[in-house]
Amino acid sequence: MRFVPVICGMKNLSLTIDYIEYDSIDELNAEDKSLMQKAQEAANTAYAPYSNFSVGAAVLLENGVIVKGSNQENAAYPSGLCAERVAVFSAAAQNPGVAFKTIAVTAKSSKIAVENPVGPCGSCRQAISEYEVLYNKPIRFLLMGERGKVLEIKDVKSLLPLRFEGKDAFNF
Ligand code: THU
């Protein structure tokens, strides 16, 4: 019997993400707590008559400016926009050339208790990723629900592994 070696390059790989969990907003440092409070203020400006889910985001820029955003819905549902993109696009439009440092996100609802941290949707992750790549600086996330735990994630790359960066190669 002839032994035929099989050449196989298959590998089982894995990616993990690190994040920090705080029991409450009160465990955050003063700057982060204040940013999350701005996100909470922003949630009050949401226009969400269709979902009753009010999301607030606050973006801290490298120049210290904070820009708030909230979700804006529309009778033609897909025409609305998430809080994160409202905040980030507004921040970018008002502060061209300035990198982003941190984005705080929170949500509340008149219909359900939002007990867990709210993660940005996939489209928002991709949109925010653009600015992390553009400025080559990590954009940190602080995520919370209406109350309770806060999660801190160090960059968009962690939230969107194998992301598309407009190039033909992944950048791990
Ligand atoms: N929404 C956000 O604003 N951000 C998210 O990260 C998830 C969802 C909005 C979109 C819509 O207005 C409502 O929440 C329900 O999906």
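Student: Okay, which elements are included in what covers the buried residues of α1?
Tutor: Heads up, this is a predicted model, where local features need pLDDT of at least 70, side-chain atom pairs count only at pLDDT 80 or more, and totals for chains, interfaces and linings use all residues. Residues are numbered from 1 along each chain as its sequence is written, and side-chain values use heavy atoms, with hydrogens and water left out. Helices (DSSP H or I runs of at least four residues) and strands (E runs of at least two) are numbered from the N terminus. Counting contact as heavy atoms within 4.5 Å, the cover of the buried residues of α1 includes β2 (53-61), β3 (66-70), β4 (100-109), β5 (140-144) and β6 (150-153).

Student: And which residues of α1 are buried?
Tutor: Buried means under 20% relative accessible area, exposed over 50% and partly exposed in between, using a 1.4 Å probe and protein chains only. In α1 that picks out Asp 32, Leu 35, Met 36, Ala 39, Ala 42 and Ala 43.

Student: Within what arc do those buried residues fall, seen down the axis of α1?
Tutor: An α-helix has 3.6 residues a turn, so residues three or four places apart point the same way. The arc is taken from the directions from the helix axis to the C-beta atoms. The buried residues of α1 line one face of the helix, because their arc is 110 degrees.

Student: How far apart are the end C-alpha atoms of α1?
Tutor: The expected span is 1.5 Å times one less than the number of residues. For the 14 residues of α1 (residues 30-43), that gives 20 Å. The model agrees, because the end C-alpha atoms are apart by 20 Å.

Student: At the start of α1, which residue's side-chain oxygen reaches the backbone nitrogen of Glu 31?
Tutor: Think polar contact: a pair of N or O atoms within 3.5 Å, where within protein one must be able to donate a hydrogen and the other to accept it, and residues adjacent in sequence count only if both atoms are side-chain atoms. Here the gap is within 3.1 Å, and the oxygen belongs to Asn 29.

Student: Is Ser 158 buried or exposed?
Tutor: Ser 158 sits in helix α4 (residues 156-159) and touches Ile 17 and Ile 153, not counting residues up to four places away in sequence. The side chain of Ser 158 also makes a polar contact with that of Asp 155 (2.5 Å). With a relative accessible area of 10%, Ser 158 is buried.

Student: What about Asn 136, buried or exposed?
Tutor: Asn 136 lies in the loop between α3 (122-135) and β5, and has a positive phi of about 50 degrees although it is not a glycine. Because its relative accessible area is 70%, Asn 136 counts as exposed.
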